Amino acid sequence: MLTSRRSFFRRAGLVAASAVSVPAIVRSEQSAAAAPGARPRHIIHMVADGMSSGMLTLGDLFSRLTRQHGLRWFELTNSPDTRIAFVNMRSLNSLVTDSAAASSSWGSGSRVVNGVLNRLPDGRKLRPLYALFAEAGWQRGLVTTTEITHATPAGFAACTSSRESAEVIASQYLERKVDILLGGGQKFFDPAKRKDKRNLPAEFRAAGYTVMERASELDAAANDRRWLGIFYPSHLPFMLDWQADARLRKRVPSLAAMTRRALTKLQHADHFILQVEGGRVDHAGHANDIAAGVREMVAFDEALEICLGFQRQVPETLLIITTDHGTANPGLNGTGAAYGQSSPLFAHTLKVTRSFESLATDLPKAGTVAGLQALLLSGTGYQVPAAKAELFLARLQKKSPVLYDSMNLPAVQLGQLMANHLGVGFTSGAHTADFVPLLAVGPGSEKFRGFIQNTDVFPHYLALAGIDFRNPQVPLLAEGGPTAEEAERFRLLV
Ligand SMILES: [Zn+2]
């Protein structure tokens, strides 16, 4: 087995270098290992955060433009070994979940109020998955493109009344000795920036961690130590900006590179669970920035290739691939006579070189029609007509009203302006109530099929690990949400 694992990682190295080669999806001895009742030794839980069906589709279309093949996601959908489910991700207080409540449902098996991590409205704390798996002797890892303390990774390991308590979440990771922590969010570990002035990097080192800040350190990290790799002050940069900046590429590893290194280390463990999050798919959705979003989808797909290659080589691995909710649900609209303009418009995404996040740093300086036109032409290839540039600048100064209040955000307005050039429209700047797809491969995958609830995942994972435990659950809060007092207590996100 070790020989085959080594050969996987030799091949994975090639995958990282070429970003195209991938182990063929074939039926193998994995079919026997995935017999009903078989238990996995490893679980990989992948999340493309905020990925609606529209974002998944557009990611595939963009992948065909840039990689000459679609997303591995769809290839996997066609594999006879893959089980497919749709999941109701609603939270305790709303049909529309946020990432904290969504991840808590996976991490504790209970629905909580949006904005909360693994706590019930009456204050009761829920035991998170990674605490239970630690007791059962499983190694545990979190890999993300967001701040490592962000809601989705935190839901597997932390317990706080507010997802915003990033400094508390960072210290809870240390208390729980999570074996691998890779992502962004240095500011929440820095003694100069933390309210309590604790020097968390020093505390992590004292607890036996290798602490890393650059991609090259990750390459060299010893596999027999725990890892804290935080490569950026806040979220890791959008791939769109990372690809255009050699200094960023040197400093910050890609999601695929972090995932490959995490699996290189974890392959030596008898049992491990690893969460891999493409967290900035969600942020691109919030920003109505499709050129950034489709590149995050491809980056997630490259990490998926790494995980799938590992699963094929180490078939005692259960691989779950899903999302937590839709965000702003982009769609390529029919445009032009017989919709003939849609395809060429979407191809304009290839010409975009800056994310909205990056453009926003220069937007205040581009306060004139000519300035805005120059900025968008250089960053996106869009020659904005003067009349539309005027309209957009008026919107930024809130001089003209919008009919749908949820569209009254600068990023959403920029998304609408760019839709003339890219063909893609969005529903708002917020999450949506989409039922989400979930793919499962490997032993235990038979539990994940049909229409299921988000709270079903936790008991399945516990059963597969042989852990007998249930967290308490409470009835759904009445539509209309929590009381004002509850909302205040949990500083509810909307
Ligand atoms: Zn979000």
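Reader: What makes up the largest nonpolar core, and which of its residues touch the most other members?

Author: The largest nonpolar core has 124 residues, and Leu181, Met297, Ala303, Cys307 and Ile320 touch the most other members. Such a core is a set of buried Ala, Val, Leu, Ile, Met, Phe, Trp, Tyr and Cys residues joined through C-beta atoms within 7 Å, where buried requires 20 or more other C-beta atoms within 10 Å of a residue's own, exposed 12 or fewer, and partly exposed a count in between, with C-beta atoms placed from the backbone. The model is predicted, and local features need pLDDT of at least 70, side-chain atom pairs count only at pLDDT 80 or more, while totals for chains, interfaces and linings use all residues. Residues are numbered from 1 along each chain as its sequence is written.

Reader: Why is this core placed between domain 1 and domain 2?

Author: Domain 1 (29-329 + 430-481) and domain 2 (338-425) both give residues to the core, so it lies between them; the bounds come from an automatic or database domain assignment.

Reader: What does Met297 touch?

Author: Leaving out residues up to four places away in sequence, Met297 touches Ala48, Met55, Gly59, Phe62, Leu71 and Val281, contact being C-beta atoms, placed from the backbone, within 7 Å.

Reader: What makes strand β13 largely enclosed?

Author: Five of the six residues of β13 (residues 436-441) are buried, so the strand is largely enclosed by the rest of the structure. Strands (E, at least two residues) and helices (H or I, at least four) are DSSP runs, numbered from the N terminus.

Reader: How do you know which strands pair with β13?

Author: Pairing requires at least two bridges found by DSSP. Strand β2 (residues 83-88) pairs with β13 in the antiparallel sense over five bridges, with Ala85 and Leu438 as bridge partners. Strand β8 (residues 317-322) is joined to β13 by four bridges, again antiparallel, and Leu319 stands opposite Val441. In the open sheet of 10 strands the order is β5-β6-β4-β3-β7-β1-β8-β13-β2-β14, with mixed pairing.

Reader: What makes β5 and β14 the edge strands?

Author: Strands β5 (209-212) and β14 (450-453) each pair on one side only.

Reader: Which residues of helix α19 are buried, and why are they said to share a side?

Author: In α19 (residues 386-396) the buried residues are Ala389, Phe392 and Arg395. They cover an arc of only 120 degrees around the axis, which puts them on the same side of α19; the arc is that of the directions from the helix axis to the C-beta atoms. These buried residues pack against α18 (369-380) and α20 (410-422), whereas the face turned away from them carries the exposed residues Ala386, Ala387 and Ala394.

Reader: Why is Gln68 called exposed?

Author: Gln68 has 8 other C-beta atoms within 10 Å, which falls within the limit of 12 or fewer, so it is exposed. Gln68 lies in the loop between α3 (53-67) and α4 (72-77), and its phi is near 65 degrees, a positive value in a residue other than glycine. Most residues other than glycine have a negative phi.

Reader: Why is Ala338 called exposed?

Author: Ala338 has 7 other C-beta atoms within 10 Å, again within the limit of 12 or fewer, so it is exposed too. Ala338 sits in the loop between β10 (331-332) and α16 (342-347), with a positive phi of about 55 degrees although it is not a glycine.

Note on methods. Two residues are in contact if their C-beta atoms, placed from the backbone, lie within 7 Å.
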